[in-house]
Amino acid sequence: MSDITKACRDISELSVSAQAACTLFLDKCKKAGLSVLITETYRPQARQNWLYEQGRTRPGNVVTWTRNSRHTGRMAWDICKHVKGQEYSDNSFFVKCGSIAKELGITWGGTWETPDKPHFEISSTWKEPKKEDDEMITKELVIINKNEYAMDAIRKDGNVYVKVRDLMMAPGIEVKSRGRIPVIETK
């Protein structure tokens, strides 16, 4: 049996969707230059009850307001700033983390009526936000004046972009420029 006085920090103890959300959140925070440390993930009900008793029937400051936590359902994690002496004192750190969470569809406890800034959670319906397509160069078929041409093109975000200079190979198309502005004319 686990020790109810010890916090679990293992992301793999979260549900599969919470693992994905937490990992994505940590990656985005790292890219934003935020040094995040996970302080707790899954919490057995016995630990949740023990924490709830703190400041009520057991000495210490109140640390949780509920016996029913998303931690017990493996859907939540807590963090702190991974800088000695600044773990919980840097409000802007938590605000930035909360902003990243919002972009990802993750709930941040810092927005609650009784704020819980280190707390992040997802609902059972959370889905990873769609990623923008990576830009890739492909050969695409382009039809100009009923004629087909294979051209290098860039696919990005569901759109196809051809190089203006490649249009010059199509008969009846003339590509000029007016300064930096391309001018495309039919002959």
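The model is a predicted one. Its secondary structure amounts to 3 helices and 9 strands, arranged along the sequence in the pattern α-β-α-β-α-β-β-β-β-β-β-β. The radius of gyration is 26 Å, whereas the globule rule gives 16 Å for 187 residues, so the chain is more spread out than a compact globule. Along the principal axes, the C-alpha trace spans about 90 × 30 × 30 Å.

Of the 187 residues, 33% count as buried. The chain exposes about 12300 Å², of which carbon and sulfur atoms supply 51%. Its charged side chains comprise 30 positive and 25 negative ones, and the centres of the two sets lie 2 Å apart. Among contacts between residues at least 6 apart in sequence, 48% join residues at least 24 apart.

In soluble globular proteins, nonpolar side chains tend to be buried together. In this chain, the largest nonpolar core contains 24 residues, and the members that touch the most others are Phe25, Trp77, Ile79, Cys97, Ile106 and Phe120. Helix H1 (16–31), strand S1 (36–40), strand S2 (76–81) and helix H3 (91–103) each contribute at least two residues to this core; the largest share, 6 residues, is that of H1.

Beyond its neighbours within four places in sequence, Ile79 is in contact with several residues, including Phe25, Val36, Ile38, Tyr88, Phe94, Cys97, Pro118 and Phe120. A second, separate core has 8 residues, among them Ile144, Tyr149, Met151 and Ile173.

Methods:
Residues are numbered from 1 along each chain as its sequence is written. This is a predicted model: local features need pLDDT of at least 70, side-chain atom pairs count only at pLDDT 80 or more; totals for chains, interfaces and linings use all residues. Side-chain values use heavy atoms; hydrogens and water are left out. A nonpolar core is a set of buried Ala, Val, Leu, Ile, Met, Phe, Trp, Tyr and Cys residues joined through side-chain atoms within 4.5 Å. Buried means under 20% relative accessible area, exposed over 50%, partly exposed in between (1.4 Å probe, protein chains only). Helices (H or I, at least four residues) and strands (E, at least two) are DSSP runs, numbered from the N terminus. Contact means heavy atoms within 4.5 Å. The radius of gyration is taken over C-alpha atoms; the globule rule is 2.2 Å times the number of residues to the power 0.38. Accessible areas come from the Shrake-Rupley method with a 1.4 Å probe; for residues, only the protein chains shown count as cover. Lys and Arg count as positive and Asp and Glu as negative; His and the chain ends are not counted. The place of a charge is taken as NZ of Lys, CZ of Arg, CG of Asp or CD of Glu.
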